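Me: I am new to reading protein models. Could we go through this one together, one question at a time?
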Amino acid sequence: MNPKLKLLRNFILLSIPLVILCALAFALPMSYMTVEYVMWDEEFENSASPYIDAETVIIGDSRAKSSVLPALLHEDTYNIAIGGATPIEMYYATENYIEHNGAPKNAVVIFAPYHFCDIDNWDQTLYFNFLSADEIAEIYAKGIETNDPVIARKGRIGEMVSYRLRLPSKYLAQMYESKFTGRKAENREKFDSIRADLGYCEFGSADGDDGETHEVFHEYFDSSEEVLYYYEKLIDLLSDNEVNVVVAQPPINQASGDVIHKEFVDGYTDYLNNVMNQKRRYNLKMLTEIPVYPNELFGDSIHVNRKGAEVYTKELRDYLESIDFWYRK
Amino acid sequence: MLFNSVEFAIFLPVVAIVYFIIEAKAKSHTASNVWLVFVSYFYYMYADARYGLLLAAVTLVSYGSGYLLRYVVHETRMRKKLLILTVVLLIGTLFFFKYAGFLSSLIAKDKALQIILPVGISFYIFQSLTYVFEIYQGKTEAAVSFISYTAFASFFPVLLSGPIEKSSHLLPQFEEEHHFDYERIRHGLIRLSYGYFLKLVIASRIAIAVDLIYDNYMDVTGYQLLLATCLYSVQIFCDFASYSTIAIGTAEILGFKLTENFTQPFFTDSCATFWRHWHITLNNWFKDYVYIPLGGNRKGTLRKYLNIFIVFTLSGMWHGADITYILWGMISGLFQIMEALIAPLRAHFPRRLKVFFTFMLFTFSMFLFRSDDIAQAEIIIGKVFTQFEISSILTTSPFELGLGVFNMLYLIAGMIVLIIYDVINERTGDAASYIAAKKTPVRWAVYYLFVVMILGSASIGAQQFIYFKF
């Protein structure tokens, strides 16, 4: 045999275990991934084939996911927010949703203010592989342009390739932890419960939490240029599709409300007002005040518990009714 | 670019394939060397493009100096002056990057200079110096072409952490043609795999246990600290030997033969022998260019001991700008001197006991090497001697060292493979050739053992090699 072909043959034969591991990681994500994956999976599955024909969607991060109970808000409402998402991921998720289902009539956009500053789950986003290679490349290019320390950090290209190929260096730890298929039943159950709650998902279930939330660690509104770019792109996407939009703020607990820096809140509010005023957008309303709720309504230091979600959803519903949100053109 | 990164997994095959195509098609061998220079600079500048300028400057200075020593300056005093100037320039550069921050912090702690240490600088400056020294001593000819020399000075497998090659050994290889050779490439790949095995299966796992104990050094017993430090001795061996083995395997794939850097150091029965098997190329460098010029063992016993002490102190300084490294070097030198002093007594010890003592003395020096600062080292050594708490031997489960049952068993299996491989290496001199010569089923079983164990360790993380910081 030609030595070059022999080397190639041997290389292929020795790659078999690697290919098997990559194929397992690719084919069985629900069997080994943690529960955050389920939210992405549910969202993307819902986008492709909607569980209900939603007239109103809730867009945002884990705080949106855990704060708004669609069934309590209004009929034909679905919560498509994703835990761990920033406006970057949510822009593409919303674009994907509109592409498959057409634009909803209404949208409530809720992001934790600190998500405008910290891209804290980008590795998780890459890990889940719901964004396409083109979308990832687009985000990376913007990251290079804005010199984003997370998106465009050194070694990112290698990491992106590793995630895309499902290399064991990135996936094997969780596969070991789950004994390869051990999380399937738990994940399926979570998926069904999110569906039953029309996209709502509880993150913390404690009867109160007095821990401080992420926002209190920011002395001023040190926003990420990349996040702001995508946030405005998301608002523009909804506006271009003639969606009635209300931007609301998720609640923080009293413990955090007492110590949150005024400069941070002011900077954040100024930014939102600027978005509101900088150009004409289709039916956009902004609620800029960050609600402060008693600690008892929090399931962990960051997210409201179910009781807190009920309170928040009712307050939001009252506000939306007051502005005739459901009946706008 | 780390050897254990996805980037390198793409980089190496591309480099090798293009290299062999150029070797086969190009009329001049220069084209292959240009390719090696290009990929070596790409490899080096991948982390920080500015580093390339420094490497280029070091290359220009050493090549220029070598050229002048060989062809222009013939008068002895002028040659000596030129050599001193070159050494001052190159060692001065190394000293600046390594020590300026440290020294300024001694003067004013809050106004310490923040200087980024270019990765691999200690290695390529020492390698470039061998070229100048060897031309000065007349041991080698000046490089035929600047391209060949640049390829030698920037050769990517050895660039970041050695082995520190002598120009008389490596440089002529850039004048030779290297074509595709199945047997050679297979041998190189076995060595490469074994290098990854050392790093991923053993070093990365041990690091978890060692870090856990050292991060909580105030709360653990002396026994646990001693255990962690013994493990650290094995970790640093596997970590550094893995880098050298991968470098040697990588170079061999391309057709270059590098110097062995580790030859079973833990099988040695004295400190003096240990250092002839550990980081061989650095110790040879110090022997050839410091110890022998100082007089070596030719000027009496006392002077010999002083020379050993000086060499090891300098070796400690080479490792880093920290008092812990300097003390580590001094202690390593002192151990050798003490060992020589009690040589008649040691001669009566059984060999296994001497091997054990050698390992424990090395481990003792590692207390300093592993500690973050001298205060931490003091506490840790103090605890080992005063709060050993022998009962903690019974209560410390090896499965509770941050690894869990699965990873601990995996590590034990890896250590067994390591011992078998090193025993074969010790007996045959080349375990990779021994494996390659076995019948197909045995050979493939070994290949798959390596592949499966490496893949099974892939999630332990792409940790940086310890010697990168030097």
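Me: How many helices and strands are there in chain B?
Reply: A word on the ground rules: this is a predicted model, where local features need pLDDT of at least 70, side-chain atom pairs count only at pLDDT 80 or more, and totals for chains, interfaces and linings use all residues. Residues are numbered from 1 along each chain as its sequence is written, chains are lettered from A and ligands numbered from 1 in the order in which they are written, and side-chain values use heavy atoms, leaving out hydrogens and water. Helices (H or I, at least four residues) and strands (E, at least two) are DSSP runs, numbered from the N terminus. Counted that way, chain B has 21 helices and zero strands.

Me: What is the radius of gyration of chain B, and why does it count as compact?
Reply: The radius of gyration is taken over C-alpha atoms, and the globule rule is 2.2 Å times the number of residues to the power 0.38. For 470 residues the rule gives 23 Å, and the value for chain B is close to that, so chain B is as compact as a globular protein of that length. Its C-alpha trace spans about 70 × 55 × 50 Å along the principal axes. The radius of gyration itself is 23 Å.

Me: What percentage of the residues in chain B are buried?
Reply: Buried means under 20% relative accessible area, exposed means over 50%, and partly exposed is in between (1.4 Å probe, protein chains only). Of the contacts in chain B with a separation of 6 or more, 75% are between residues 24 or more positions apart, where contact means heavy atoms within 4.5 Å. The buried share of the 470 residues is 57%.

Me: Which helices do the buried residues of H6(B) pack against?
Reply: Helix H6 (residues 146–154) of chain B is mostly covered, with seven of its nine residues buried. Among them are B:Tyr149, B:Phe152 and B:Ala153. Their packing partners in chain B are helix H2 (30–45), helix H3 (51–72), helix H5 (121–136), H7 and H8.

Me: Is B:Val201 buried or exposed?
Reply: B:Val201 lies in helix H9 (residues 182–215) of chain B. Leaving aside neighbours within four places in sequence, its contacts include B:Tyr410, B:Leu411 and B:Met453. B:Tyr410 is 209 residues away along the chain, yet the two C-alpha atoms are separated by 7.7 Å. With a relative accessibility of 0%, B:Val201 counts as buried.

Me: Why do the buried residues of H15(A) lie on the same side?
Reply: In H15(A), the buried residues are A:Phe264, A:Tyr268, A:Thr269, A:Tyr271, A:Leu272 and A:Val275. The arc they cover around the axis, taken from the directions from the helix axis to the C-beta atoms, puts them on the same side of H15(A). On the other side, A:Lys262, A:Asp270 and A:Asn277 are exposed.

Me: How far apart are the end C-alpha atoms of helix H15 of chain A?
Reply: The expected span of a helix is 1.5 Å times one less than its number of residues. For the 17 residues of helix H15 (residues 262–278) of chain A, that comes to 24 Å. The end C-alpha atoms agree with this, as they are 24 Å apart.

Me: What is omega for the peptide bond that joins B:Gly162 and B:Pro163?
Reply: Most residues other than glycine have a negative phi, and most peptide bonds are trans. B:Pro163 lies in the loop between helix H7 (156–159) and helix H8 (167–170) of chain B. The bond joining B:Gly162 to B:Pro163 is cis, and its omega is about 5°.

Me: What is the phi of B:Gln264?
Reply: B:Gln264 sits in the loop between helix H10 (222–254) and helix H11 (271–277) of chain B. It is buried, with a relative accessible area of 10%. Although B:Gln264 is not a glycine, its phi is positive, at about 50°.
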